[in-house]
Amino acid sequence: MFSHLTMPVRVAWEDLQERLFFLPPFPDELDPLALFSMLLVVGLLVGEWLRATLGWPKVIGYVLAGTLFGPSVLGWISIEALAQIRPIADAALGILMLEIGRRLDLRWLRDNHELLRATLGEITLSFATIFLFAWAVVGLIPAWAAAAAAVTMASAPAVVLLTVEESGAQGQVTERIILHTALSAAASFVVFAVVVGVVHAEYSEHWANAVVHPLWVVVGGLIIAWLMARIALLVAALLPKRSLAQVFILAATALLAVGTARMLAVPVFLTLFLMGVILSCTDRQKTLSYTHLPEGHWLLAIILFVVVGASLPWPDFTWLIGLQAIGLLGVRALAKIAALAWAGGGLTGAKRVLVGIGIQPLSATAVFMAYEIAGLYPEIGRSSLSLPLFAAAIMELVGPALCRLALVRAGETVDTEKSTGGVA
Amino acid sequence: MNPAIAVFSHSEPLTLGVELELQLLSPRDFDLTRGATDLLGSIDYDGHCGAIKLEITESMIEVSTLPQRQVDGIAADLLGLRQVLVRDCARNHIVVCGGGTHPFHHWPDRRICPGERFDEMSHRYGYLAKQFTVFGQHIHVGCTSGDEAIWLTQALGPYVPIFIALSASSPYVDGVDTLFQSARLNAVSAFPLSGQCPELRDWAGFIEHFSFLQSCGIARSIKDLYWDIRPKPEFGTVEIRVCDTPLTVERAAALAALAQSLVHHLLRTRPRLDAQGHLQVARYNKFQACRYGFDAQISDPVGRRQIPLRTLARELLILLAEDARVLGCWPWLELLDAALITGVSDADWLRGRQARHGNLNDVVCAAARRFSSTASEAVAGRSR
């Protein structure tokens, strides 16, 4: 589409080139920086417009912008451009996963056993119901049904974190949404590693792939995460706590972890999440505990969700898959709400349900995880994983709104200050 | 006239009650967090040590002991309430802490608790309601009559600076060292009816004064009077309201011991009061105590001179020794004397931690550990 629009300019440019020898060849592709800034502006405008006019979370706007301008609809963001911008999306997801990992405080589970029961219930029930639905109702073979469950069982750390930040939410419902999101993400990564092995066992000609690849993913992620966390803590210990220099160290080691994981084909989301958890568990001197990420991570988040929106496979959409995806989301929602209503860890029944609603988002991690698994055997993987990808596509738009609804109804957002208390 | 104010409830003389306003913190960065309503809803507690209640914002929780004859009973209640709070806060991923101010919280982030009274306060006082996220200790001493309560309200006035200095634990506000030992009281002074009780003859005089305030539309209930010391007719007590919440419950019990011994002494000796003279120097003396703590210079309106607060406080403890022994609370006064001798107040302790750590998050972390620590329980157990 762009080539038609730019044709007269190209002709004029090439005419000029004959006389002005310093002119470079007519650029066929956008410079990555130019693309970055364009995506940023477009995502930002759509997000802010939706927030201002409809009160929707900005994340929905970013995803819609990506969908609209991506290969599926207008095609202004090409598949090549998506590949170009992917490192920035990886960095954004990695930094958000690092943050959710840093917020995981396992001592809370020690002090409140009911929470442990709730989280185990939520993880088990989510996986089991999605697996059964994908296998028995949709008719996927067990390996792909397990893959679908691994991809969709967890909440979306990036969406939850950004929605909480955007709405200035604070309180017990917020804290529990973050906790359960982090724990379900951890569980889904374990299942993801197992599923990688199962898929290899199903399709690979060499059995070693089924054993070594999951180990490569988990052990590789752990080693990179541990190494980067140690470097971050060692260097940060030389600097004043909460200083700008510490912020740079945290961001730099996170980006180093992203780069290393990309080089070694270890999932970025898993590595950075592990790095966050290791930082949270091993930072006894609280060297980096008080150091917050710079506000700039919002800029990266915009790119992330524009890329996610553009990556959604809308051309493959059929009404049957759409219905199946809605069914999957239905059983998933019931599993999560039922598990949390069953064990609340001290919250009232209404607030337990709100926690269950707040952890409904399904987003970037799921999409990236689905593409990781689908990429193993592209000829069959893509079609077999269209169910979880469509479920993620629907929840890209609905999930942030549900999370925000839960926070608002709990009375924990800044906007709800006037309405006293929310759900009691 | 509100009938609850017109009638002064009967209360056993010299019985004690203590209220402590406490901070609710996030264990992640030790900033204040919101969670009082949910915390209160989840607490598994039968009230055997007293009550746990909401305060104006969601980042505060108030505990109040049962009425006790002896300070040991107050200490036991406070230790019991602390145990319940520490346990239930941990179940809700919250940390509880003492101290008169949170050193670095951002007051616009505070949230008013649900409830008619809090709504009304928020509507009436605007941003002051959120800025009132400061933490104090109130000490109630039982009085036999309204007349006695009014007399004590004025007789205790000259000792306000000593209570302020001994409890001072709020040197930091908005992340800045205020150079005050107790900056909390500056937040209280913004309220229109804060300060000293005017000169009053007796209970009838108080009723007359309060009726005047009511008819002018200035005060609706006794809660509108933010006086440093005020009568509390529904409890039948006189209430000392100038103390910061100390960093430990043991210090809170020791301050209650000081109040009980002092009231015992005043009622025993019935000194002649110079309310007019005291009122002329009260604000200056209060400022001195808030600003300089133990190093304050207190104006004596009778002798027309200045006396170091530390000297006054130590002389007072010697004077009260006999009363304290009669009441069985002398060991608690020894704790206060030790603080005066070493010259280290809770505010100084916090500044020491800041000098060591170089950041206020670690200071609050250390203060929270100190509040929850059971190491000093032996002190309380010994005298129980």
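Author: Two residues count as in contact if their C-beta atoms, placed from the backbone, lie within 7 Å. This is a predicted model, where local features need pLDDT of at least 70 and side-chain atom pairs count only at pLDDT 80 or more, while totals for chains, interfaces and linings use all residues. Residues are numbered from 1 along each chain as its sequence is written, and chains are lettered from A in the order in which they are written.

Reader: What makes up the contact of chain B with chain A?

Author: By that cut-off, chain B brings 22 residues and chain A brings 21. On the side of chain B, H2(B) gives the largest share, four residues; helices here are DSSP runs (H or I, at least four residues), numbered from the N terminus.

Reader: OK, now H4 and H12 of chain A. Why is H4(A) called roughly parallel to H12(A)?

Author: Angles run from 0 to 180 degrees between N-to-C directions, with axes fitted to C-alpha atoms over the stretch in contact. Under 35 degrees counts as roughly parallel, over 145 as roughly antiparallel, 65 to 115 as roughly perpendicular and the rest as oblique. Helix H4 (residues 79-102) and helix H12 (residues 268-282) of chain A pack at about 30°, their axes 7 Å apart, so H4(A) is roughly parallel to H12(A).

Reader: Which way does H4(A) pass H12(A)?

Author: In a right-handed crossing, meaning that the near helix is turned clockwise from the far one by less than a right angle.

Reader: Which residues of H4(A) meet H12(A)?

Author: Among them are A:Asp90, A:Leu93 and A:Met97.

Note on methods. Helix = DSSP H or I, 4+ residues; strand = E, 2+ residues; numbered from the N terminus.
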